Amino acid sequence: MSDALLSNHWGLGQARLENGRIISVTGHPLDPEPSPLNDNIAGSLHGPTRVLRPAVRQGWLDGGGTRGQGPFVEVSWDRALDLIAGELTRIRANHGNEAIFAGSYGWASAGRFHHAQSQLKRFLNCIGGFVGSEGNYSYGAAMGAMPHILGGPFKQMLAEATRWPVIARHADLVVSFGGLAARNMEICDGGNGRHLIPEALRTCRRRGVRFVNLSPLRSDMAEDLEAEWLPPRPGTDAAIMLALAQTLREEGLHAQDFLERYTVGSAQVAAYLEGTDDGIRKDADWAAAISGIPVDTLRSLARRMAVGTTFITCAAALQRADWGEDTLWAAVTLAAFLGQMGTPGGGLGLAYAVNGHVGAVDRPFRAAALPQGQNKVAARIPVAMIADMLLDPGGRYWVGGAARRFPHARLVWWAGGNPFHHHQDLRRLARAFQAPETVVVNEISWTATARHADIVLPVAAPEERTDFGAGRSDTVLVPMRQAVAPPGEARTEFSIYAALAQRLGVAEDFTEGRDEAAWLAHLWALTQATAAEHGETLPSWEAFLAGEPLLLDDPRDETVFLAAFRADPEAHPRATPSGRIELYSEAVAGFGRAGHALYRPPREAPEAGTLALLSGQPPTRLHSQHDAGALSQRAKVAGREAVLIHPEDAAVRGVADGDVVELSSPRGRCLAGARLTESIAPGAVFLPTGAWYDPDAEGHCIHGNPNVLTRDTRTSDWTQGTAAHSCRVRLAKFEGQAPPVRAHAPPDVTG
């Protein structure tokens, strides 16, 4: 028995090995609060869900069939690669590279070299390019909207977020719209070497900072923070924010000097709040009727925010809803009327708790990664419009005030993601996946995405190859030594693309004459050079790979968002047309919509007997990764994903704790296991994302994936971000014998 060091998006781990297998994974001493998600690794890597050999859908070989149904035939690597090379050649010759869509999307590996997106996109760029996606599901609306409001890339705003130690020293009150969900702070893109935020939040509380949790889910704030819980009706946050701003105005508590010097558009906002155009004052009485939070509570909260140093956070989940851009804009508007932006412990933080790094840590320099090369295809689609593209080739749509047309994707190649987890309205997506001529999927496991492929290529997991970890904003460099060999005939993606590049005559372009070992040494040498420019001396590749993780200094541990702008807005203007914070934007008004924040109710109006569906990151896995693992399986109820429901809502439906229930919407139905709790507000249910889609004959999920229920629509045509959280469902006890879950059994595969 021996140990091995591991690194994943949820952090470091120490694996116990026995007979060439990982039998358990525990935390690493460097991490003060290791993630329990490590418990999923052993069972998933060595379980029955692994894809062991290249497989081709029998129906595709026969010239027909339905994706997602029917058996697969295992073939040799040569046969699989010849089939793919032939399809790439045919489609490029007949339709051009614009007919290739590379749907690789995030979270596959924490390594800098074996990174699914980079590997796939580098290969396709060597043969002329591909249609890709832009934005992300996590905070796509923010990426499109915030440059107009605060100026500059949204990811830069995340890096410049005010640090929690600063808040602990200076704040009196933290008001969190959407909470600060601990389950989200387990993870971070590229790795989370040290989980710092939980202790930072506890430090805030020990120093007297009070917390207010404005979320329908009490557990969106840790119990030890002793937060005041104010659960609003889902989708009403913008109304609350605007009413708080109006209360500040009515009581003379707003910061007029700040508005005049640092913002533009406060007069237009004031007119809206007064109801100049529509006759509706956006005051606390108005918001109380919309949100369900008592009017006196709203007025009291506004006063408390004004008399002390207040930090406002707005969860990324709130912009994943109808008109999500307005919720972000309303948060900025409230913070501007309060006038504390740019002060230590005061102001605003957007997307706090979207991962474990925002407000906690930042890397002093970027580590090198596999270069993707130049994409000669200019066409892109918003990431949440995949089904639209496949179902409506050539169709017209709008984003950011500009008209675009969908390309005609004839070959789809997916690597490093699971759209049958993160996309909405999965029955619609399943129909859309029938449209391409060929679908290729690289996978570790037989997920629903793999089952909807024509050609499935088995790839090595992060624990089964050598790499190094260096998260985008993490200060830990991790030697990722290969712990175990890939099972069956699984290969690294670099070796797959190198073999394909050889067949297509671009081997030298793809490999540049380097094998995997040479590439790793090369990328480390580039990282050493960058580190030296920042005063850091890194060991040789050989010494680093044989050693322990390296901890770098944090260059921004005293960061206060917008501090330089507040100190001198002329010397440090924002990257907006005015150089100021734009509470009213002429550019956005030019998109044919209001040029300021406003409240609009969700498009799907509440009906009698329906509940608001919350579907967020699960506490037991990273999205859908390792759903078959031990931690994920222990949290299931009756073998299905657990849905949180308030006892009052359960009682009127005759549901008891542990019952199998059916949730339904106009899009579809799914089964789940009821878990009764008073930690969720009446009128809402919480069903985490990521249970592997297990469709019945009609495409309804018997395992508990909420995205058979959600609407495949967007926030608005300003950003086309996903609006997954604007969803109403019905819930009832499932009568009769529930069908067995088959999600973690492999499909019918013949060799």
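Predicted model: local features only at pLDDT ≥ 70, side-chain atom pairs only at ≥ 80, totals over all residues.
Residues are numbered from 1 along each chain as its sequence is written, and side-chain values use heavy atoms, with hydrogens and water left out.

**View 1. The whole chain.**
The C-alpha trace spans about 75 × 65 × 55 Å along its principal axes. A compact globule of 751 residues would have a radius of gyration near 27 Å, and the 26 Å of this chain agrees with that; the radius is taken over C-alpha atoms, and the globule rule is 2.2 Å times the number of residues to the power 0.38. Of the 751 residues, 62% count as buried, where buried means under 20% relative accessible area, exposed over 50%, and partly exposed in between (1.4 Å probe, protein chains only). Among contacts between residues at least 6 apart in sequence, 74% join residues at least 24 apart; a contact means heavy atoms within 4.5 Å.

The buried ones are Ala 284, Trp 286, Ala 287, Ala 288, Ile 290 and Ser 291. They pack against α9 and α13 (295–307).

**View 2. Helix α11 and its buried side.**
In α11 (residues 266–274), look for the buried residues Ser 266, Val 269, Ala 270, Tyr 272 and Leu 273. They lie on the same side of α11 because they cover an arc of only 160° around the axis; the arc is that of the directions from the helix axis to the C-beta atoms. Their packing partners are α9 (237–250), α10 (256–262), β11 (263–264) and α14. This helix, too, is followed by a glycine with a positive phi: Gly 275, near 80°.

Trp 323 has a phi near 60° and sits in the loop between β12 (310–314) and α14 (324–338). Trp 323 is buried, because its relative accessible area is 17%. Ala 351 has a positive phi of about 65° and belongs to the loop between β13 (347–350) and β14 (380–382). With a relative accessible area of 2%, Ala 351 is buried as well.

Ser 138 is in the loop between β7 (132–134) and α5 (140–149), and its 19% relative accessibility counts as buried. Leaving aside neighbours within four places in sequence, Ser 138 is in contact with Tyr 105, Ala 316, Gln 319, Arg 320 and Val 354. Asn 184 is in the loop between β8 (173–177) and α8 (197–206) and is buried at 18%. Not counting residues up to four places away, Asn 184 touches Ala 353, Val 354, Asn 355, Gly 356 and Gln 617. The C-alpha atoms of Asn 184 and Gly 616 are separated by 8.9 Å, although these residues are 432 apart along the chain.

**View 3. Arg 163 in its loop.**
Arg 163 lies between α6 (154–159) and α7 (164–170). This arginine counts as buried because its relative accessibility is 2%. Beyond residues up to four places away in sequence, the residues that Arg 163 touches include Gly 359, Asp 362, Asp 554, Arg 556 and Asp 557.

**View 4. Glu 437, a partly exposed loop residue.**
Glu 437 is found in the loop between α17 (426–432) and β18 (438–443). At 28% relative accessibility, Glu 437 counts as partly exposed. Its contacts, leaving aside neighbours within four places in sequence, include Trp 60, Arg 67, Arg 90, His 95 and Asp 454.

Conventions: Helix = DSSP H or I, 4+ residues; strand = E, 2+ residues; numbered from the N terminus.
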